[in-house]
Amino acid sequence: MNFETFIAKRYLISKHKINFITIISFISISGITVGVAALIVVLSVFNGFGSLVTSYLMSLDPHIRITAISNEGEQEIIKVDELLSNRKEIKAYSPFIEGKILSYNKGLTQVLNLKGISEESVNNVYLLSDNIVDGVDSLNQKSSNAVVGLQLADKLQVFTGDTLLLISPSNIEQAITQLSLPLSRKIIVSGIFSSKNNDYDGGYIFCSLKDAQYLFGYKNNFQGYDIRLNDIDNSNKIKKELQAQLDPNKFSVSTWYDFHQELYSVMQVERWTAYIILSLIIAVATFNILGSLSMSVIEKRRDIGILRSMGVTEKSVLKIFMFEGLLIGIIGTLLGVIIGYIICYIQINYNIYPLDPSQYKIDSLPIEVRFSDFFFISGASMILSFLASLYPAKRAAKVNPISAIKWE
């Protein structure tokens, strides 16, 4: 330990009496502790809710979607299969057809979203089997099976084994003008799923690709490909590479983030707003550091003069008071990190703040601890402590030793 650090610790800790400067130093430490702990807890809650929302949305959403946006694209969509089959980053992919359709059952009609997918993609792309609450996830083309969302099944009053009549709007104009019946198909409800995503649970039916091709008039074509990656973090990278290889006039490429961009953007804004507001607690505490160090410089003018007369340089005096301010920041930051982590640990393991699962779909406040948050919060706290210590330390370094010894 060099003498600058030793003297800084003596000034901060070894007080012969409790004075006003000491009280301000303790207030500074307490303010930094509260600010750091609050930031860690609040950001961990945001992390928990963000991961929870993403898991709900991603249970049935693909990581990347390629969609034909023109007639030429629909004709050439089959060629995209060769492009996808050679990529090691892709875990699985499936052709799909999606559109609005009219359902009828026992006098009840409902406009809903029908999505046709391949039978192999039920588990490796859409993870339907993880969300089935009744029945099975089979989409057998021969028997025209379908899987219905839980809320939608309640609206339609159907159970597994019931039959639904689906009426397609694709040729409705032709049916009216020629006085013919529109395309329709009876499907058997083989399963009911609950993904905790209201969009899917309240408005989606998954059926086989063959049934969707018939109802929407696609014949042997389809609308696009849904893709699931080995690593979701590669979504943007793969999207850019696919966009470079596909004609933008024929195909559009979207990621899981693009599907719900507004929601994710709002969550990110809320997170940064909370970070900035709570950082003001730390900022106010560091202003106390500036005040206590400034008064400490006035109080220690004689000490500074004696040190300078003994040959201590301005740089060493600067370091003494910088270290004193940084010690306040370090102690407050460490205490805040420890307290914040303890609160998160207790909530994760003992659920001290429960929630009503009937309203929130979860039974406790979600917490997800990320060590990157600890790093950035601690870094911000130490930077503010450094800046608050800089001005008083410079003033101390510029003290005239002769006048300090003579008049103090």
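How many of the 8 residues of helix 9 (residues 209-216) are buried? The legends below begin with this helix.

The structure is a predicted model, in which local features need pLDDT of at least 70, side-chain atom pairs count only at pLDDT 80 or more, and totals for chains, interfaces and linings use all residues. Residues are numbered from 1 along each chain as its sequence is written, and side-chain values use heavy atoms, with hydrogens and water left out.

Figure 1. Buried means under 20% relative accessible area, exposed means over 50%, and partly exposed lies in between (1.4 Å probe, protein chains only). Helices (H or I, at least four residues) and strands (E, at least two) are DSSP runs, numbered from the N terminus. The buried residues are Leu-209, Asp-211, Ala-212, Gln-213, Leu-215 and Phe-216. Their cover includes strand 2 (90-105), strand 3 (108-117) and strand 8 (204-208), together with strands 5, 6 and 7. Just after helix 9, Gly-217 has a positive phi of about 70°.

**Figure 2. Val-148 in strand 5.** Val-148 belongs to strand 5 (residues 145-149). Its relative accessible area is 0%, and Val-148 is therefore buried. Residues up to four places away in sequence aside, Val-148 touches Ala-153, Val-189, Gly-191, Ile-192, Phe-193, Tyr-204 and Ile-205; contact means heavy atoms within 4.5 Å. Although Val-148 and Gly-203 are 55 residues apart along the chain, 8.5 Å separates their C-alpha atoms.

**Figure 3. Asn-47 and its polar contacts.** Asn-47 is part of helix 2 (residues 20-58). Its relative accessibility is 2%, so Asn-47 counts as buried. The side chain of Asn-47 makes a polar contact of 2.6 Å with the side chain of Asp-373. A polar atom of the Asn-47 side chain also lies 3.3 Å from the backbone oxygen of Glu-368. A polar contact is a pair of N or O atoms within 3.5 Å; within protein, one must be able to donate a hydrogen and the other to accept it, and residues adjacent in sequence count only if both atoms are side-chain atoms. Beyond its neighbours within four places in sequence, Asn-47 is in contact with Arg-271, Glu-368, Arg-370 and Asp-373.

**Figure 4. The packing of helix 14 against helix 16.** Helix 14 (residues 314-350) and helix 16 (residues 371-397) pack with their axes 8 Å apart, at an angle of about 155°. Axes are lines fitted to C-alpha atoms, for helices over the stretch in contact, and angles run from 0 to 180 degrees between N-to-C directions. The two helices are therefore roughly antiparallel, a term for angles over 145 degrees. Residues in the contact include Phe-321, Gly-325 and Gly-329 of helix 14 and Ser-378, Ser-385 and Phe-386 of helix 16. By class, the contact has 15 nonpolar, 7 polar and 2 charged residues. Ala, Val, Leu, Ile, Met, Phe, Trp, Tyr, Cys and Pro count as nonpolar, Asp, Glu, Lys and Arg as charged, and the others, Gly among them, as polar.

**Figure 5. Two loop residues with positive phi.** Most residues other than glycine have a negative phi. Gln-157, in the loop between helix 6 (150-156) and strand 6 (163-167), has a positive phi near 55°. Gln-157 is partly exposed, at 46% relative accessible area. Lys-196, in the loop between strand 7 (184-193) and helix 8 (198-201), has a positive phi near 65°. Lys-196 is partly exposed, at 39% relative accessibility.

Terms used:
Parallel < 35°, antiparallel > 145°, perpendicular 65-115°, else oblique.
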